[in-house]
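Hi,

Here is the structure I promised to send over. Have a look at it first, and my notes follow below.

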Amino acid sequence: GRREEAIIPSQEAAEIYRRLAEANPQAFLPNLAASLNNIGNRFYNLGRRKEAILPSQEAAEIYRRLAEANPQAFLPNLAASLNNIGALLSELGRREEALKPTQEAVEIRRRLAEEKPQAFLPDLAMSLNNLGVRLSDLGRLEEALIPSQEAVEIRRQMAEANPQAFLPTLSMCLNNLGVLLSRLGRLEEALIPSQEAVEIRRLIAEANPQAFLPDMATSLGAYGSILGSLDRHAEAARAFGEGLELIAPFYLKMPQAFGRLARFLLQGYLQACQGAGQEPDEELMVNFKEMH
C-alpha cells in the first residue's frame, strides 16, 4: 500500500535496464519494457494518468519491435500494453486517440485466440468490451453494439465453464450492453441484460459482499434508469432504493471514492419517487442528507 514509494525503485530499475539494453538490446529490451509498463501501472494506480501515458507508450513501442522479431513471445504483451493505453487515453478525455490502440488490441487478441482460445479468449473479451465503450463514448452507438454483444457471448461461454472466475466479468459486460441498448432507445431489449447483470452480481455479492456490493449497486442504478425511461417509476424507485442501501456503508466510510455513485443513485431514487407519486423513505435518506 506504499504506492508513492514504489515509484522510485521502479524508475531506477527502468534506468538500469535502459543502459543495459543500449549495450545488449536482445537480452534487456524485454526487461526495460516490463519496467516501463510497471511505472505506467504505478502512476495509474495513484490516479496520475498523464504521467502514466509516456512510460506506457514507450513500453508498447518496445513490445512492437520485439513482436516483429518474435510474435509468439511478445504479441500478448503488445496487446496488453495497447489495451492499457486505450483506457488511459479515454480517461484523459482523448477519446479519438483512445480508439486506435483499443482496435489494434482487439485485432491482435483475436488472432491469438484463434490459435489458443483457452489462453486468450478472456483477453479478447476484455478488449471487445473496451472497444464497445470507446465507440460508445464517441457516439458511434450502432458500431459499439457489435463488439459489446460479442464480449457478452464470449464471457457467457467462459462463465458456463468456470463461473467463479468469469461471472464477475460477464456481469460487467451485461451491464455495459444494457446501458448501450438504452442509449440506442431500445429500452425493452436493454432490460434483459441489465436485469441479468443485477441477478449475477446479487449472486456473487452473497459470497463476497465487500468486493461486489458496489458493483451490484451500480447495476441496480443502470436497471433503475431503464425502468424509469419506460415510465415504470415504482419499480425504478425500488431498484435505486436498494442500490442506495447497498452503497451507504461504503459511502459513509469513503465518501470521495463512492460519492459519485451515491449521488447518481440518490438523484434517480428521488426522480423515480416523484414519478411514482410516493414519498422517499426518510430512513434511507438519512445517510445522504448532505446531498439534498
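**What I found**

Arg-48 counts as partly exposed, because its relative accessibility is 27%. For that wording, buried is under 20% relative accessible area, exposed is over 50%, and partly exposed is in between (1.4 Å probe, protein chains only). The areas themselves come from the Shrake-Rupley method with a 1.4 Å probe, and for residues only the protein chains shown count as cover.

Before the rest, some housekeeping. This is a predicted model, so local features need pLDDT of at least 70 and side-chain atom pairs count only at pLDDT 80 or more, while totals for chains, interfaces and linings use all residues. Residues are numbered from 1 along each chain as its sequence is written, and side-chain values use heavy atoms, with hydrogens and water left out.

**Overall picture**

The chain has 13 helices and zero strands. Helices here are DSSP runs of H or I with at least four residues, strands are runs of E with at least two, and numbering starts at the N terminus. Along the principal axes, the C-alpha atoms fill a box of roughly 75 × 40 × 35 Å. Of the 292 residues, 45% count as buried.

**Salt bridges**

Side chains of opposite charge can pair when their charged atoms come close. I counted a salt bridge whenever a side-chain nitrogen of Lys or Arg is within 4 Å of a carboxyl oxygen of Asp or Glu, and by that rule there are 15.

Back to Arg-48: its salt-bridge partner is Glu-4, with the closest N and O atoms 3.1 Å apart. Glu-4 sits in helix 1 (residues 3-23) and Arg-48 in the loop between helix 2 (25-45) and helix 3 (49-69), so this pair ties together parts that are 44 residues apart in sequence.

Another one to look at is Glu-104 with Arg-64, at 2.6 Å from N to O. Glu-104 belongs to helix 5 (residues 95-115) and Arg-64 to helix 3, so the two tie together parts 40 residues apart in sequence. Arg-64 is partly exposed because its relative accessible area is 23%.

Arg-2 pairs with Glu-5, the closest N and O atoms being 2.8 Å apart. Arg-2 is exposed at 62% relative accessible area, whereas Glu-5 is partly exposed at 44%.

**Two buried spots**

Asn-83 is in helix 4 (residues 71-91) and counts as buried, with 5% relative accessibility. What does its side chain touch? A polar contact of 2.9 Å joins the side chains of Asn-83 and Ser-127. By polar contact I mean a pair of N or O atoms within 3.5 Å; within protein, one must be able to donate a hydrogen and the other to accept it, and residues adjacent in sequence count only if both atoms are side-chain atoms.

Leu-220, in helix 10 (residues 209-229), is buried too, at 2% relative accessible area. The C-alpha atoms of Leu-220 and Ala-197 are separated by 8.7 Å, and the two residues are 23 apart along the chain.

**A charged patch**

Glu-245, Glu-279, Asp-281, Glu-282 and Glu-283 form a negative surface patch. Residues in a patch have over 30% relative accessible area and no salt bridge, and like charges are joined within 9 Å. One of the members, Glu-279, lies in the loop between helix 12 (255-276) and helix 13 (282-285), and at 71% relative accessibility Glu-279 counts as exposed.

Cheers

Methods. Patch = residues over 30% accessible without salt bridge, like charges linked within 9 Å, V, L, I, M, F, W, Y side chains within 5 Å. Lys, Arg positive; Asp, Glu negative; His and termini not counted. Charge placed at Lys NZ, Arg CZ, Asp CG, Glu CD.
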